[in-house]
Amino acid sequence: MVRHPLRPLDLKNGRVELAHGSGGRASHQLVDELFTRHFHSSQLAACHDAGILPHVSGRIAVSTDSYVVSPLFFPGGCIGDLAVNGSINDVAMSGAKPLALTVGFILEEGFQLADLDRIAAAIARASQNASVPIISGDTKVVERGKADGVFLSTTCVGVIPEGVHIDPSRARPSDAIIVSGTIGDHGTTILSCREGLSFDCDLESDSAALHEMVSAMLCAAPDLHVLRDPTRGGVSAALHEIAATAQVGMRLWESAVPVHPTVRSACQLLGLDPLHLACEGRLLAICPTDAVEPVLAAMRAHPLGSQAAVIGEVIADFPGFVQLQTAYGGHRLIDWPAGEQLPRIC
Amino acid sequence: MQLTEELRLPDRAERLIDAIARALQPGRSYRLMEFCGGHTHALCHFGLLDRLAAPIQMIHGPGCPVCVLPIGRLQQAIDLAVQQRVLLCSYGDLLRVPGRSRQSLLSARSLGADVRVVYGPMDALALAKKHPDREVVFLAVGFETTTPMTAAVVAQAYRESIPNFSVLCNHVLTEAALRALLSSASQSVSSVSIDGFIGPGHVAAIIGTDAFSRIAQTYHKPIVISGFEPIDLLSSLLHLIEQINQDLAQVQNDFARAASPAGNRRAQALIDEVMQVRESFAWRGLGELPYSALKLRSTYQHFDAELRFSLSTDQIPDHRKCRCPDVLRGACVPTDCTLFGTACTPDSPLGSCMVSPEGACAAYYLHRPQRLLRKAHGSSSTSSP
């Protein structure tokens with residue numbers, strides 16, 4: 001570690017200052033005394049301006065995402081692991097094996113260094129758990145009031161295995177729609193923490209990296225048609241997007257959709273639909289009917305897919321629309337989620 | 001919450017659906033009106049309309065306060081916000097309702113008017129206290145369910161002598177609407193044939209189930225007061241059909257967990273203390289109805305925005321092709337309107353029934369897959385729900 005001619009960072013009571021983003025001594029001190037305590041990748045240690053990947057063969061998948069969740073810490077996770085898992089999942093939904101991550105921090109002047117330390121630790125832990133190293137990063141500081149504590153931006157790079165062709169346009173009538181677990185856990189957890197809406201809740205965010213389960217699913221059935229993680233807008237938005245792209249309809253069976261009892265109760269209380277609530281560690285898979293059994297078996301053998309279930313089918317009628325057979329045998333349309341129902345969910 | 005779970009059990013629902021089917025007498029039809037927009041929404045949301053046999057026709061009633069507010073009254077609020085620069089407080093549902101020339105509270109806000117969404121009149125009063133230099137007006141709408149809250153807040157403002165708070169009072173009376181629907185003597189409303197009513201549970205919790213007896217007896221129509229869960233609605237439908245079969249016209253309380261025969265006397269007393277019945281009020285869809293709405297009593301006139309700002313009510317006609325008035329009195333279903341789903345959608349509504357989630361048009365648009373058939377085949381084959 002480089003010794004700085006500044007007093008050591010006070011990681012207990014100290015706060016982010018504008019100088020920490022200036023590129024000068026204070027910036028380096030923040031990197032050396034806070035970030036490198038958590039991030040150990042050889043790429044970062046090399047101090048290049050760019051992270052460099054080894055030679056890879058195959059099609060490259062890249063995804064970038066920004067995270068502005070409020071509150072920053074919530075049951076089951078924080079903005080740090082959310083940002084790591086989120087970008088890994090976006091790459092995994094193309095069928096790719098994630099190789100590396102970059103992380104950008106936008107910090108608000110006055111943000112507590114202790115909280116930043118917790119977030120950096122969570123980022124490092126999530127990256128290690130997923131075996132996807134962080135190879136580059138950046139930190140900026142903005143004046144107090146110009147951000148809300150910390151915003152993160154992560155980018156993930158991955159490589160798509162030979163023979164895998166995941167594409168939303170491949171959803172075909174008669175394909176099965178599978179979900180990997182209960183829906184809306186993350187959205188409800190965030191909702192339960194919000195000021196003014198706080199309610200007691202035994203729920204945790206489902207935030208998790210899904211690439212290993214995806215890899216197992218692709219081994220079991222390489223001809224998976226579509227994968228999607230239902231984040232903002234939930235299952236409804238994800239299926240609407242696929243339905244519009246593939247010009248097909250979707251029909252879900254309400255009684256088949258796994259919903260945690262707490263999520264169901266919260267939705268009844270607040271007039272929300274679980275299908276509109278965000279997940280951060282669930283995936284939707286659309287596959288031909290003959291692949292359903294092997295895919296389900298592969299998912300259920302993985303801890304993140306133990307509650308995987310077929311929840312519906314792709315249909316030819318009403319392209320672009322998603323409908324639900326209710327628990328009472330009738331049908332209703334599922335609408336696109338209304339805007340701003342729950343801002344800053346991830 | 002456990003109660004709600006029990007009232008949503010699919011097995012119980014299935015048994016009731018069977019019982020309803022068995023109760024139907026061969027060769028006769030059942031034209032049943034759910035008065036309340038909350039019931040319309042629930043029937044569509046749970047997909048229950050699909051499960052009712054063809055002899056049952058559900059007619060969607062006018063019990064959506066946003067829907068029955070005439071454009072002229074809404075325009076008063078828009079004008080107050082735009083021209084008088086008041087801080088206008090409204091329920092969120094009202095923001096997108098189009099007024100004159102498709103202007104709305106939302107479009108007024110985007111042009112700089114101070115329009116705030118509140119959860120109730122208490123929030124509006126709090127804003128008045130917070131901004132003593134501003135005129136704060138609460139746009140009050142609703143049947144008897146929301147009236148007590150408005151009355152309570154006006155009484156509080158009176159007690160605390162809040163000088164800058166007033167209410168644009170558009171509270172309406174359920175009984176008057178039921179009378180208008182059933183009375184062939186009404187000038188403005190062509191009568192619609194109705195065999196019985198699913199009565200509004202929340203209104204009944206305030207005014208009491210006995211308040212519906214006169215209607216049931218005068219017009220010989222059974223009324224079953226219902227809650228809003230699937231089991232509530234299906235039980236009430238069964239009881240209504242059983243009454244029709246026996247030619248009974250009783251008020252039956254299937255919402256006893258919230259509504260009593262006498263209702264909430266304290267709320268009634270509060271309404272009576274603060275408000276009095278207007279001689280006449282123009283309803284969207286039902287026209288001018290005598291003794292059908294409330295205004296503030298003279299003691300509280302300081303808080304009456306109509307008086308404070310010397311407002312007059314312009315009669316602004318509905319869009320010439322909009323069939324909200326017909327939908328509101330059950331003369332047609334939403335898909336019969338040529339604007340439905342084309343020029344008029346929840347994102348860009350022309351009529352009020354497309355705005356509120358309790359409006360029949362919005363309920364059909366958001367929930368009924370049948371609307372797509374109409375779009376696909378260009379016919380109104382879905383006109384019977």
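Predicted model: local features only at pLDDT ≥ 70, side-chain atom pairs only at ≥ 80, totals over all residues.
**Entry 1: helix 4 of chain A and its partners**

I started with helix 4 of chain A, residues 113–130, and looked up how helix 3, residues 79–92, packs on it. The angle is about 35° and the axes are 7 Å apart. I noted the crossing of helix 3 and helix 4 of chain A as right-handed. On the helix 3 side I listed Ile79(A), Gly80(A), Asp81(A), Val84(A), Asn85(A) and Ile88(A). They meet Ile119(A), Ala122(A), Ile123(A), Ala126(A), Ser127(A) and Ala130(A) of helix 4 of chain A. Sorted by class, this contact of helix 3 with helix 4 of chain A has 8 nonpolar, 3 polar and 1 charged residues.

Next I turned to helix 1 of chain A, residues 25–38, which also packs on helix 4 of chain A. Here I found an angle of about 40° and an axis distance of 7 Å. Helix 1 and helix 4 of chain A are therefore oblique to each other. Helix 1 of chain A brings Leu30(A), Leu34(A), Phe35(A), Arg37(A) and His38(A) to this contact. From helix 4 of chain A I wrote down several of the residues they meet, among them Leu113(A), Leu116(A), Asp117(A) and Gln128(A). The class count for helix 1 with helix 4 of chain A is 8 nonpolar, 2 polar and 2 charged.

**Entry 2: a helix pair in chain B**

In chain B I looked up helix 8, residues 147–159, against helix 13, residues 265–274. Their axes are 9 Å apart, at an angle of about 55°. That makes helix 8 of chain B oblique to helix 13 of chain B. The crossing of these two chain B helices is left-handed. Helix 8 of chain B makes the contact through Thr147(B), Pro148(B), Ala151(B), Ala152(B), Val154(B) and Ala155(B), and helix 13 of chain B through Ala267(B), Leu270(B), Ile271(B) and Val274(B).

**Entry 3: where the chains meet**

How many residues of each chain are in contact across the interface of chain A and chain B? I found 16 from chain A and 26 from chain B. Together the two chains bury about 1,700 Å², with 61% of that on carbon and sulfur atoms.

**Entry 4: salt bridges**

I checked the interface of chain A and chain B for salt bridges and the count was 0. Over all chains the structure holds 25. One I wrote down is Arg332(A) with Glu254(A), whose closest N and O atoms are 3.9 Å apart. This pair links distant parts of the chain, 78 residues apart. Arg332(A) lies in strand 13 of chain A, while Glu254(A) is in the loop between strand 9 and helix 8 of chain A.

A reminder to myself: most residues other than glycine have a negative phi, and most peptide bonds are trans. I found a cis peptide bond between Ser70(A) and Pro71(A), with omega about 0°. Pro71(A) sits in the loop between strand 1 and strand 2 of chain A.

Phe318(A) is not a glycine, yet its phi is positive at about 50°. I placed Phe318(A) in the loop between strand 11 and strand 12 of chain A. In chain B, Ser310(B) also has a positive phi, near 45°. Ser310(B) is in the loop between helix 14 and helix 15 of chain B.

Notes:
Residues numbered from 1 in each chain as written. Chains lettered and ligands numbered in written order. Heavy atoms only, no water. Axes fitted to C-alpha atoms, helices over the stretch in contact; angles between N-to-C directions. Helix = DSSP H or I, 4+ residues; strand = E, 2+ residues; numbered from the N terminus. Parallel < 35°, antiparallel > 145°, perpendicular 65-115°, else oblique. Left-handed = near helix turned anticlockwise from the far one by under 90°. Contact = heavy atoms within 4.5 Å. Buried area = accessible area lost by both parts, 1.4 Å probe. Salt bridge = Lys/Arg side-chain N within 4 Å of Asp/Glu carboxyl O. Nonpolar A, V, L, I, M, F, W, Y, C, P; charged D, E, K, R; others polar.
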